Amino acid sequence: MQFLVYILAYPLLWLISILPFRIFYLFSDFVYFLIYRVIGYRKKVVRENLALTLPHLSDSERKDIEKKFYKHMCDMFLEMVKTMSMSPEEMERRFHVTNIDLVLDYAKKGKSVILVASHYASYEWLLTINPKLGFQGVAVYKKLANPYFDRLVRKIRSKYNTEMIETRKAIPTMAQNQRDGVLSMYGLASDQSPKLDRIFHSMKFMGVEVPVHTGAEMLAKKYDLAVIMVKVEKVKRGFYEATFLSLADNPKDFKDFEITEMYLKEVEKQILAKPEFYLWTHKRWKHRIQSK
């Protein structure tokens, strides 16, 4: 059944990927109508998240953010499909990096790094910058349940030579690369909720005390990796801009969880500035910690 769903869906995905951009975004508007108006995909979760984290806004202001978010979400996931047929030149035009030299300096020093990103703006097209960085790019991701779609997503995301590895393979891969002297950049999106058996720290994120992922910081200290954050902004529809921010050259010099908190405070700044570009469909605040 999983294979049948895949072979039925793949031709449609390919046709979507070759649409001219003007028609492509008209199709995205149609998908938005279906997802938001007809199906109401995770609308309850989105509204709960917005009400919890943006209580200072009025109902009408949150409703406006909600609509803009769904439009952006449809654009972003379809843009991942568009990657299948986009030329490197077109991608270069639409996804611009402002300060690539910051990353290249680490490569020149022979220092491997952890790149922390967030589910904000276009984290899918972020994977296309790998050839510019001077590292072996490695992206840590969660495997999809459907093995055929998992293979397709891996193929799309690795089009620009980024190595995709499952979460459980992160530590063995880092250890092997360190032994082999492979200069690497490991990309992790660390802004979602950790599993209950992997909670080591909590903090206020968007005004709510929640457990947070600390894996990036712990791995950076274990393997002596510099920590860099990338902040992606949506300039306009179909165009994005990425900026790198150095968080810790020598992570062992920082107190436990200090780097994690620095990173999430930067994510919070982006969300508060333009909340419509954050991924509100995830249950990020499901494990709230009550104040004593």
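Phe205 is buried, and Trp285 is buried too. Buried here means under 20% relative accessible area, with exposed over 50% and partly exposed in between, using a 1.4 Å probe and protein chains only.

A word on the source. This is a predicted model, where local features need pLDDT of at least 70 and side-chain atom pairs count only at pLDDT 80 or more, while totals for chains, interfaces and linings use all residues. Residues are numbered from 1 along each chain as its sequence is written, and side-chain values use heavy atoms, with hydrogens and water left out.

Now the rings. How many aromatic pairs does the structure hold? There are 13. Rings of Phe, Tyr and Trp (its six-membered ring) pair if their centres lie within 6.5 Å; planes under 30 degrees apart are stacked, over 60 edge-to-face, the rest tilted.

Take Phe24 and Tyr25. Their centres are 5.0 Å apart and their planes at 80°, so this pair is edge-to-face. Phe24 is buried, at 0% relative accessibility. Tyr25 is buried as well, at 8%.

Back to Phe205 and Trp285. Their centres are 5.8 Å apart and their planes at 10°, so they count as stacked. This pair links distant parts of the chain, 80 residues apart. Phe205 is in strand 6 (residues 202-205). Trp285 is in the segment after helix 10 (258-273). Helices (H or I, at least four residues) and strands (E, at least two) are DSSP runs, numbered from the N terminus.

There is also a cluster. Tyr32, Tyr36, Phe69 and Tyr70 form one aromatic cluster.

Last, charges. The charged end of Arg94 sits over the ring of Phe21, 3.5 Å from its centre. That takes NZ of Lys or CZ of Arg within 6 Å of the ring centre and within 35 degrees of the ring normal. Lys236 lies over the face of Phe239, 4.9 Å from the ring centre.
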